[in-house]
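Reader: I am new to this structure and would like to understand the words used for it. Could you take me through them, setting each value against its definition?

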Amino acid sequence: MGNDKSDVSLNLADLIVSKRFVEAGSTLESVQQAFKTCKDGYMGVTDQGKLIGICSRSDIGMMMSSRYGFEIYGKRKIENYLLEDSLSVFVDTSIPETFKLVFTRSKEHYYNDIAVIDSENNFCGLIPVHRLVQLQNELLGDQLDAIKGHEKELSRKNEQLAYSANRLNSLNLELEKARDSALEGARLKSEFLANMSHEIRTPMNGVIGMVDLLLDTSLTDEQRFFAQTVMNSAESLITIINDILDFSKIEADRIDIHHDEFHLLDVIDGSIQQVIARANKKPIRLLVDVDRTLNDSYVGDAVRIQQILVNLLGNAVKFTEEGEVILKVENGTKPDSSIPIVRFHVRDSGVGIAEAHQEKLFEPFIQVDGSTKRRHDGTGLGLSICKRLTDLMGGEISVQSELGVGSVFSCEFPLNEGVSEWKQDFSETEEDYCLVIFISQSKNFREIAEKDWMGPDSKFCVFESPKEMFSDSNLSLKYSRVILDTVDFSHHEVEELKKGLELNNFEMRNLILLVKPSDRNRMEKEFHGLNQTFIMPVRTSYVFDKINSKHIVKVPEALAKGTISSNEEQKPLDILLVEDNLTNQKLATILLRKLGHHVDTADNGRIALAKLKNKRFDCVFMDCMMPEMDGYEATSKIREGIEVRDSQVFIVAMTAKAMKGDREKCLEVGMNDYLSKPLTRMSMNRALQACHDHLRRVDFRDSQEPKQLYG
């Protein structure tokens with residue numbers, strides 16, 4: 001047998017050397033003759049094929065060779081002369097187990113052959129013990145070789161582990177260095193973002209503040225529309241700046257969601273205003289369809305909802321070359337929930353989105369057209385931000401689109417209803433107009449108008465063109481109010497309408513025009529004496545409210561108590577305004593004086609301390625970032641009471657930094673309140689109200705105590 005492992009048999013049947021046997025009834029003489037014809041030393045003894053034992057050549061030969069062997073033993077049967085401790089095993093017994101059984105016999109029989117039987121005790125043959133030992137040794141040798149191989153492999157792996165451990169230690173050191181470097185980089189990045197926040201917010205404060213003042217002056221409707229659009233856009237920009245520059249929120253994956261009462265129609269109108277300018281550059285019609293069953297007041301984050309709507313509307317305008325973009329707002333319900341659902345749908349007739357791209361549409365940095373020659377700009381963050389904000393507000397956002405047909409982006413939010421009420425009165429006007437006629441080339445606009453204007457007692461007709469209206473012989477214009485959508489009509493069609501109305505003795509005061517911003521002046525000149533013009537896009541419900549209904553908004557007493565007191569109810573305050581930027585200084589001064597207060601100014605903290613030394617003020621509006629001495633240092637010195645007349649003066653921080661921790665830093669140095677730029681009349685009034693409340697709690701001028709709590 002070779003040393004190759006493949007030569008080693010693992011089956012007892014392969015080890016059988018002799019299959020010779022004699023029947024149990026055979027005589028010793030016949031058995032001896034049988035042994036003489038073979039070289040076997042042992043032979044099986046069977047009874048009808050069943051093994052009953054083993055006989056030995058040497059034992060029989062010894063008995064038969066004696067002087068009277070043949071006479072004494074020759075005729076005796078072999079079944080009486082079987083070997084003691086003979087071993088028989090089943091053919092399916094394993095070699096190692098058989099090897100163990102060999103040594104259960106007495107020592108003198110260790111080397112007797114082993115009989116192999118099947119499951120029915122039939123004799124299969126004999127196996128020499130030395131053959132079994134040889135095979136077992138080979139198996140043990142193979143196992144030893146395998147163990148040695150495993151030891152070598154284990155040794156190699158131990159070496160690898162040692163190398164890996166050393167490498168891991170090196171990597172840990174590198175990671176520690178990288179971590180320290182990353183922390184330093186994060187600190188520098190945070191510092192950079194904070195400075196950028198300051199640099200951007202400072203001019204934005206001037207823009208928003210001055211536009212706010214402009215809106216407080218006498219303006220034409222068109223000027224007010226433009227100024228309000230600038231204000232809405234600037235406020236939207238500030239919201240975006242807040243999200244991008246607030247590094248701590250981005251790193252922590254946290255954005256604060258507010259739950260304040262807001263007017264839904266204000267959010268809708270504000271969203272539309274921010275995309276009008278872009279839409280007017282294309283042959284696109286913006287339409288707004290608001291379900292009249294919606295409540296006017298809801299509790300939620302109006303800024304975030306408007307941010308989402310502006311993004312969806314902006315995308316719809318961007319990817320639509322011509323046609324219509326429709327914002328539809330409706331009531332909804334959610335299974336197993338009593339919280340009302342407000343659903344928004346933005347439908348466009350644009351390029352559409354392939355189904356393969358829709359799944360990844362809400363992932364960051366995804367552009368449907370990622371080529372360098374793409375027609376539309378964008379970072380690919382807009383829809384990702386919308387998805388993130390929607391999830392944070394417990395809502396859902398989705399898209400349905402068909403390539404070449406258009407898209408519908410839908411989002412919904414669970415919003416509790418506010419306490420304000422919005423009721424619609426469909427009573428007739430004092431002139432008792434019995435018919436409202438609406439003319440528009442837009443089928444969708446006609447359907448929206450008909451749905452919105454059909455009150456319980458309203459009579460309403462829609463036409464596609466003036467020509468169609470005048471061809472209706474049953475129509476009387478005498479007691480009618482005509483609303484004309486001029487967006488898609490040519491100058492010739494408008495002239496036709498004008499002549500037709502004159503021929504029918506229609507009073508121009510009963511004509512209402514819906515016009516583009518650029519057409520308003522021209523239309524008002526052409527239709528002298530008309531009732532009113534509305535800038536498109538406009539909610540049809542808004543037009544209806546203006547011409548044929550009353551808006552009733554009840555403000556509960558509980559809500560009224562939370563409002564800011566009027567200026568007449570607040571006594572004028574002596575205020576020190578500390579601000580180094582001249583534009584912002586002028587803006588804040590005007591705002592504070594408009595609110596009825598006396599204002600003195602200082603360009604930095606050092607000048608402010610000098611003025612506080614000579615005069616007692618009720619309140620200090622303190623900018624944080626200033627040359628020579630910043631607001632933090634100035635506040636610390638004020639609270640120390642060194643060379644100032646009132647160490648308890650109410651201090652309001654004004655800062656263009658709006659990062660996480662900035663407010664806490666202001667309060668830690670002793671400031672009472674915190675305003676983030678850009679400043680608005682509302683935010684300043686809130687701070688002044690807090691100052692009044694503080695003055696009522698603590699009479700600073702008469703107090704004999706050395707120090708009071710800061711707020």
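Author: Let us begin with pairing: two strands pair if DSSP finds at least two bridges between them. Strands (E, at least two residues) and helices (H or I, at least four) are DSSP runs, numbered from the N terminus. This is a predicted model, in which local features need pLDDT of at least 70 and side-chain atom pairs count only at pLDDT 80 or more, while totals for chains, interfaces and linings use all residues. Residues are numbered from 1 along each chain as its sequence is written, and side-chain values use heavy atoms, with hydrogens and water left out.

Reader: What makes strand β24 and strand β25 a pair?

Author: Strand β24 (residues 619-623) and strand β25 (residues 650-655) share five bridges and run in the parallel sense, and the rule asks for at least two bridges. One of these bridges has Cys-619 facing its partner Phe-650 in β25.

Reader: Which strands stand at the edges of the sheet, and why?

Author: The sheet is open and has five strands in the order β23-β22-β24-β25-β26, with parallel pairing. Strands β23 (598-602) and β26 (673-676) each have a single partner strand, so one side of each is left without a neighbour in the sheet. From one strand to the next, the twist averages 20°.

Reader: Why are helices α18 and α22 called oblique to each other?

Author: Axes are lines fitted to C-alpha atoms, for helices over the stretch in contact, and angles run from 0 to 180 degrees between N-to-C directions. Angles under 35 degrees count as roughly parallel, over 145 as roughly antiparallel, 65 to 115 as roughly perpendicular and the rest as oblique. The axes of α18 (residues 582-594) and α22 (residues 681-697) come within 10 Å and cross at roughly 60°, and α18 and α22 are therefore oblique.

Reader: Which residues of α18 and α22 meet?

Author: With contact meaning heavy atoms within 4.5 Å, Ala-588, Leu-591 and Leu-592 in α18 meet Arg-681, Met-684 and Leu-688 in α22.

Reader: Why does α8 count as roughly parallel to α9?

Author: Helix α8 (residues 264-280) and α9 pack at an angle of about 30°, with their axes 9 Å apart, and that value makes α8 roughly parallel to α9.

Reader: What is the pairing in the sheet that α9 packs on, and which strands does α9 touch?

Author: That open sheet has five strands in the order β8-β10-β11-β13-β12, and its pairing is mixed. In this sheet β8 (284-290) and β12 (396-402) stand at the edges, since each has a single partner strand. Strand β11 (residues 341-348) and strand β13 (residues 406-414) run antiparallel and are joined by seven bridges; among the partners, Val-346 is bridged to Phe-409 in β13. Helix α9 (residues 302-318) touches β8, β10 (323-332), β11, β12 and β13, and its direction makes about 15° with that of β11. Helix α11 (residues 382-392) also packs on the sheet, touching β12 and β13, at about 140° to the direction of β12.

Reader: Why is the pair of Phe-21 and Phe-123 called edge-to-face?

Author: Rings of Phe, Tyr and Trp (its six-membered ring) pair if their centres lie within 6.5 Å, and planes under 30 degrees apart count as stacked, over 60 as edge-to-face and the rest as tilted. By this rule the count comes to seven aromatic pairs. The centres of Phe-21 and Phe-123 are 6.1 Å apart and their planes stand at 65°, so the pair is edge-to-face. Phe-21 lies in strand β1 (residues 21-23) and Phe-123 in strand β6 (residues 123-127), so the pair ties together parts that are 102 residues apart in sequence.
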